[in-house]
Amino acid sequence: MYKNIEKQTALELREQVDYQAGQIISRTLVQNELMSMTLFAFEKGEEISTHAAGGDAMVTVLEGTGRFTVGGQEFLLHEGQTLIMPKDIPHAVYGQERFKMLLTVSF
């Protein structure tokens with residue numbers, strides 16, 4: 001079930017989370033045993049250190065540019081690009097510049 005977002009309204013996802021100096025801001029839209037869906041806003045230079053997820057994680061960049069390291073391989077993603085980070089493979093996320101993304105994890 002969706003939460004923290006208006007229903008029956010046309011929305012721009014990137015407008016649903018704001019940047020904040022020196023931080024990573026997140027807004028959870030779905031969290032259950034099957035999936036999670038979260039919006040993120042990264043300030044330039046902010047990062048989520050290397051970790052592994054218990055499900056396949058799909059990221060779609062909504063604005064700006066983010067650097068994703070998956071299993072030691074780097075990917076520079078720009079607005080509109082999507083990447084799948086496989087279950088149990090270590091990955092990290094870095095704000096190459098200010099950027100926003102939608103993260104969907106399927107368990």
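Glu-12 and Arg-14 meet through their side chains in a salt bridge, with 3.9 Å from N to O. A salt bridge here is a side-chain nitrogen of Lys or Arg within 4 Å of a carboxyl oxygen of Asp or Glu, and by this rule the count comes to four. The model is predicted: local features need pLDDT of at least 70, side-chain atom pairs count only at pLDDT 80 or more, and totals for chains, interfaces and linings use all residues. Residues are numbered from 1 along each chain as its sequence is written, and side-chain values use heavy atoms, leaving out hydrogens and water.

- Glu-12 is partly exposed, at a relative accessible area of 41%, and Arg-14 is partly exposed at 27%; the term covers values between buried (under 20% relative accessible area) and exposed (over 50%), computed with a 1.4 Å probe on protein chains only.
- Arg-14 also has a salt bridge with Glu-79, at 3.2 Å from N to O.
- This pair links distant parts of the chain, 65 residues apart: Glu-79 sits in the loop between strand E5 (73-78) and strand E6 (82-85), and Arg-14 in the segment before strand E1 (24-31).
- Strands (E, at least two residues) and helices (H or I, at least four) are DSSP runs, numbered from the N terminus.

**The Arg-67 and Glu-74 pair**

- In the salt bridge between Arg-67 and Glu-74, the closest N and O atoms are 4.0 Å apart.
- Arg-67 is partly exposed, with a relative accessible area of 26%, whereas Glu-74 counts as exposed at 54%.
- Shared partners join the salt bridges of Glu-12, Arg-14 and Glu-79 into one network.

- Ser-36 belongs to strand E2, which covers residues 35-42.
- Ser-36 counts as buried because its relative accessibility is 8%.
- Leaving aside residues up to four places away in sequence, Ser-36 touches Val-30, Gln-31, Leu-103, Thr-104, Val-105 and Phe-107, where contact means heavy atoms within 4.5 Å.

**Annotated span**

- UniProt, in an unreviewed entry, lists residues 39-102 as "domain: Cupin type-2".
- UniProt positions are given in the numbering used here, feature names are shortened, and annotations may be inferred rather than shown by experiment.
- Residues 39-102 are 0% helix and 66% strand, and the end C-alpha atoms of the span lie 5 Å apart.
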